[in-house]
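User: I would like to learn how to read packing features in a model. Can you take me through a case?

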Amino acid sequence: MILIQFAVCMIATLCFAILFAAPRSELPFCGAIGAFGWVCYLACPALHISPTLANLFATFALALGARLIATLRKNPVTVYLIAGIFPLVPGAGIYYTSYYFIMNETSGYVSYGIQTVKVAGAIVLGIVAGFAPPQGWFDAAARFWDRLRRGCP
């Protein structure tokens, strides 16, 4: 089941990256980052973590992964982060908030609105936390990876 969700999420993120004109050579990495974030999100309920915190942790992991891939591939991090965040965005929550607002159902739009704002805030905090570690750590990881690739100790 999780492999199917990984594959579907990778394809959806890939399509989103194409829509935002990511470089053709980076499309597989964009898809992998989005799928990685989604799998991190899926792992959280097994640990009894709320959906809001699950979004925070998944976005944090996604931001770290995007920074690492960006450093390794020598591209801006936004190439991977913007496409990768797509599966975690609370689109259904935004829809239902708008729907209940238009239908004048106060309890529905307040409930969905609060949950949507919490998830959106968690995504923002996850990105901020993912950019907290110094770039030097990612540069060191990239240098280590280059040495491994060349077969140097």
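User: Is Thr-71 buried, partly exposed or exposed?

Analyst: Buried means under 20% relative accessible area, exposed over 50%, partly exposed in between (1.4 Å probe, protein chains only). Thr-71 has a relative accessible area of 12%, so Thr-71 is buried. This is a predicted model: local features need pLDDT of at least 70, side-chain atom pairs count only at pLDDT 80 or more, and totals for chains, interfaces and linings use all residues. Residues are numbered from 1 along each chain as its sequence is written, and side-chain values use heavy atoms, leaving out hydrogens and water.

User: Where does Thr-71 lie, and what is Thr-71 in contact with?

Analyst: Contact means heavy atoms within 4.5 Å. Helices (H or I, at least four residues) and strands (E, at least two) are DSSP runs, numbered from the N terminus. Thr-71 lies in helix 3. Neighbours within four places in sequence aside, Thr-71 is in contact with Gln-135, Phe-138, Asp-139 and Ala-142. A polar atom of the Thr-71 side chain also lies 2.8 Å from the backbone oxygen of Arg-67.

User: Which residues touch the most other members of the largest nonpolar core?

Analyst: A nonpolar core is a set of buried Ala, Val, Leu, Ile, Met, Phe, Trp, Tyr and Cys residues joined through side-chain atoms within 4.5 Å. The largest one has 25 residues, and Cys-30, Tyr-80 and Leu-88 touch the most other members. Two or more residues come from each of helix 2 (27-43), helix 3 (51-73), helix 4 (78-84) and helix 6 (106-130). Helix 3 gives the largest share, eight residues.

User: What is Cys-30 in contact with, beyond its neighbours within four places in sequence?

Analyst: Thr-13, Ala-17, Ala-22, Val-79, Tyr-80 and Ala-83. Cys-30 is one of the buried residues of helix 2. The buried residues of this helix pack against helix 1 (2-19), helix 3 and helix 4.

User: How many aromatic pairs does the structure hold?

Analyst: Rings of Phe, Tyr and Trp (its six-membered ring) pair if their centres lie within 6.5 Å; planes under 30 degrees apart count as stacked, over 60 as edge-to-face and the rest as tilted. The structure holds 10 such pairs. Tyr-95 and Tyr-99 form a stacked one, 6.3 Å centre to centre with 20° between the planes. Both lie in helix 5 (residues 91-102), four residues apart, about one turn of the helix. Tyr-95 is partly exposed at 49% relative accessible area; Tyr-99 is partly exposed at 34%. Ring pairs link Tyr-95, Tyr-96, Tyr-99, Tyr-100 and Tyr-112 into a cluster.

Methods:
Polar contact = N/O pair within 3.5 Å; in protein donor to acceptor, adjacent residues only side chain to side chain.
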